Amino acid sequence: MNEYAELRQRQQAEFNVLPLGFAFSRKQFDEMMEGWGLDPDKDLDKILRVPGGGYVQQKDVGLLSQTTERHDAEMTAAIAGDTTGEGFIYQMFLYELDNHEYGYTRDTEDTLEALGYTEKEVFGDPRLKRGIEKAVAEICNREG
């Protein structure tokens, strides 16, 4: 299996069990707060908003930070460990290009944005350049 996909799946599973709440309406917010045993009007100082409509209790901020920092470090180490760009980096680009429908759009912009890279960064690093070129060639060959 794709090492990048395995890492992402494991990290997603770990993230999914974090004590986060999500609310996109007042009703959902009230239900989330009550589920935590908090008063939705009086205990606002006990929560912190996170991106994507998420909330975390102040007491769990450290756990969230540690988890995201560890995930970032794991990804950085996996990328650094691919000295040629033909292993993990290639798998990363192949997975994300497929995920962002490169075979249909022939556009790498969404993939690069999702991975946090600019075109200049990718083509300025021989490993990243090799990985994306190999992934693009694989998709183009597959698509005919």
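## Basis of the description

Helices (H or I, at least four residues) and strands (E, at least two) are DSSP runs, numbered from the N terminus. This is a predicted model, in which local features need pLDDT of at least 70 and side-chain atom pairs count only at pLDDT 80 or more, while totals for chains, interfaces and linings use all residues. Residues are numbered from 1 along each chain as its sequence is written, and side-chain values use heavy atoms, with hydrogens and water left out.

## Nonpolar cores

A nonpolar core is a set of buried Ala, Val, Leu, Ile, Met, Phe, Trp, Tyr and Cys residues joined through side-chain atoms within 4.5 Å, where buried means under 20% relative accessible area, exposed over 50% and partly exposed in between (1.4 Å probe, protein chains only). The largest such core has 21 residues, and those with the most contacts inside it are Met92, Phe93, Leu97 and Tyr117. Two or more residues each come from α1 (3-16), α3 (61-80), α4 (88-99), α6 (109-115) and α8 (126-143), and α4 gives the most, with seven residues.

A second, separate core of seven residues includes Ala23, Phe29, Leu38 and Tyr55.

## Surroundings of Leu97

Beyond its neighbours within four places in sequence, Leu97 is in contact (heavy atoms within 4.5 Å) with Tyr102, Thr108, Thr111, Ile132, Ala135, Val136 and Ile139.

## Positive phi values

Glu101, which lies in the loop between α4 and α5 (102-105), has a positive phi of about 60° although it is not a glycine. Arg106, found in the loop between α5 and α6, likewise has a positive phi, near 55°; at 39% relative accessibility, Arg106 counts as partly exposed.
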